[in-house]
Amino acid sequence: NKFCNAAEINISAPVCVLMEYSTGKILFEKNLSKMMYPASTTKLMTAILVLEKCQLTDVATVSNSAVDSEQLLHVLLIPSANDAANVLAEHVGGSIANFANMMNSKAKEIGCENTNFKNPSGIHDENHYSTAYDLSLIAKHAMQFQTIKDIVQKTVYNLPKTDKYNSDNRIFYNTNLLLSHHSPDDYYYPYATGLKTGYTNPAKDCIIATAKKDDLELIAVILGAEDTNGSLVPKFLDCKKLFEYGFSNYSYKNIKKANSVVTKVSVLGATEDTKNLNILVKNDINVFLENNFDINNLEPKLELDTPLVAPIKGGSTIGKITYDIDGIIYTSELIAETNVDIVNFVLIIFRLGLILLVIFIFFAIFRRS
């Protein structure tokens with residue numbers, strides 16, 4: 001892929017990535033493979049393992065209160081509580097060290113090649129690191145969980161009373177100011193949907209943010225941002241710039257409509273009035289492209305069952321159509337538009353027999369004369 005120059009949209013952070021969620025296509029990057037400290041963006045991996053390894057109704061003991069896993073996930077992802085991360089890690093992995101091993105195994109499974117976790121919270125450790133690209137892969141995986149998507153959109157969460165803490169005064173606010181209508185300095189972004197912020201002194205300001213507009217969903221990762229504008233927080237401003245760049249320059253385009261004709265073939269062994277068969281695309285094919293891309297330049301690969309022989313039922317699958325665009329595969333089944341009837345071979349043989357009989361009689365008469 002060719003990425004635009006960072007100066008074109010003036011990203012102040014030293015490291016960033018903008019990814020399209022569905023395809024994983026990178027739209028913009030700045031030092032995407034540079035090893036950085038991820039701070040609390042780490043907690044996305046913690047949430048992934050919690051959802052994969054335990055039930056949300058599981059109960060864990062936290063100091064003086066018993067709290068179920070779903071409540072802990074809320075305080076893990078909304079106010080970014082380190083103690084919630086530790087409790088969940090011990091509940092799932094038995095110990096912090098074992099849970100960290102689980103995190104690293106999962107990271108490799110997702111495709112992260114430059115990530116090493118030492119704890120579930122992102123608290124600073126020299127050997128706890130990742131990259132913007134790896135974090136975008138983790139975010140992409142996390143977004144498969146509706147529970148995570150639901151939690152990270154909330155701007156406030158009130159931890160319910162328990163039998164050991166009889167008060168509802170534990171109110172927590174989301175650290176992602178892109179979500180809040182009341183954010184200062186116009187950080188609010190109307191299409192923002194999550195995900196997770198982070199900060200430590202060595203890591204500086206970090207965020208994995210998501211936004212959705214119409215059918216397009218984007219993931220932005222900002223690492224190592226520094227406050228260079230006085231009271232403003234650059235990571236939120238950088239996210240808005242990345243999102244606007246993505247939404248302004250890319251979209252999904254329909255290149256084949258369902259039930260449209262892609263080609264016509266002649267079917268072997270078919271009757272004369274049904275042998276010419278239209279081949280249809282079964283489903284819409286929508287591809288992710290730059291807005292100025294000319295779709296007329298796209299050439300599909302057609303694969304039909306061979307040989308195509310009668311009879312064929314209308315609507316049955318007889319092949320597939322594929323587009324390979326920047327290494328991303330878009331495909332649909334191909335179907336028959338109509339029934340193709342087989343020739344009645346008994347009738348053909350009878351007619352051939354009559355013809356042969358006539359020829360034989362004619363030949364016999366000719367010889368006699």
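The paragraphs below go through a predicted model, from its cysteines and aromatic rings to its helices and backbone.

In this predicted model, local features need pLDDT of at least 70 and side-chain atom pairs count only at pLDDT 80 or more, while totals for chains, interfaces and linings use all residues. Residues are numbered from 1 along each chain as its sequence is written, and side-chain values use heavy atoms, with hydrogens and water left out.

Start with the cysteines. The structure has zero disulfides, a disulfide being a pair of cysteine sulfur atoms within 2.5 Å. Buried here means under 20% relative accessible area, exposed means over 50%, and partly exposed is in between (1.4 Å probe, protein chains only). Cys-206 is buried too, with 0% relative accessibility.

Next come the aromatic rings. A pair of aromatic rings is described by the distance of the centres and the angle of the planes. Rings of Phe, Tyr and Trp (its six-membered ring) pair if their centres lie within 6.5 Å; planes under 30 degrees apart count as stacked, over 60 as edge-to-face, and the rest as tilted. How many aromatic pairs does the structure hold? There are nine aromatic pairs. One of them joins Tyr-189 and Phe-243, whose ring centres are 5.6 Å apart with planes at 20°, so this pair is stacked. The pair links distant parts of the chain, as its two residues are 54 residues apart: Tyr-189 is in the loop between β6 (171-173) and β7 (192-200), and Phe-243 is in helix α7 (residues 234-249). Helices (H or I, at least four residues) and strands (E, at least two) are DSSP runs, numbered from the N terminus. Tyr-189 is buried at a relative accessible area of 4%, and Phe-243 is buried at 0%.

Tyr-252 and Phe-288 make an aromatic pair that is tilted, with 5.3 Å from centre to centre and 50° between the planes. Tyr-252 belongs to strand β10 (residues 250-256) and Phe-288 to strand β13 (residues 285-290), so the pair ties together parts that are 36 residues apart in sequence. Phe-288 has a relative accessible area of 2% and is therefore buried. Both residues also belong to a cluster, in which ring pairs link Phe-28, Tyr-245, Tyr-250, Tyr-252 and Phe-288.

A ring can also have a charge over it. This applies if NZ of Lys or CZ of Arg is within 6 Å of the ring centre and within 35 degrees of the ring normal. The charged end of Lys-140 sits over the ring of Tyr-21, at 5.5 Å from the ring centre.

Now turn to two helices. The axes of α2 (residues 69-77) and α3 (residues 82-93) come within 9 Å and cross at roughly 140°. That angle makes α2 oblique to α3. Axes are lines fitted to C-alpha atoms, for helices over the stretch in contact, and angles run from 0 to 180 degrees between N-to-C directions. Angles under 35 degrees count as roughly parallel, over 145 as roughly antiparallel, 65 to 115 as roughly perpendicular, and the rest as oblique. Is α2 exposed or enclosed? Eight of its nine residues are buried, so α2 is largely enclosed by the rest of the structure. The buried residues of α2 include Leu-72, Leu-73, His-74 and Val-75.

In strand β8 (residues 204-213) lies Asp-205, which is buried at 15% relative accessibility. Asp-205 and Gly-224 are 19 residues apart in sequence, and their C-alpha atoms are 5.5 Å apart in space.

The peptide bond joining Gly-194 and Leu-195 is cis, with omega about 15°, and Leu-195 lies in strand β7. Another cis peptide bond runs from Thr-306 to Pro-307, with omega near -10°. Pro-307 is in the loop between β14 (301-304) and β15 (317-325).

Asn-10 is not a glycine, yet its phi is positive, about 55°. Asn-10 is in the segment before β1 (15-20) and is exposed, with a relative accessible area of 51%. Asp-326, also a residue other than glycine, has a positive phi near 55°. Asp-326 is in the loop between β15 and β16 (328-336), and at 55% relative accessibility Asp-326 is exposed.
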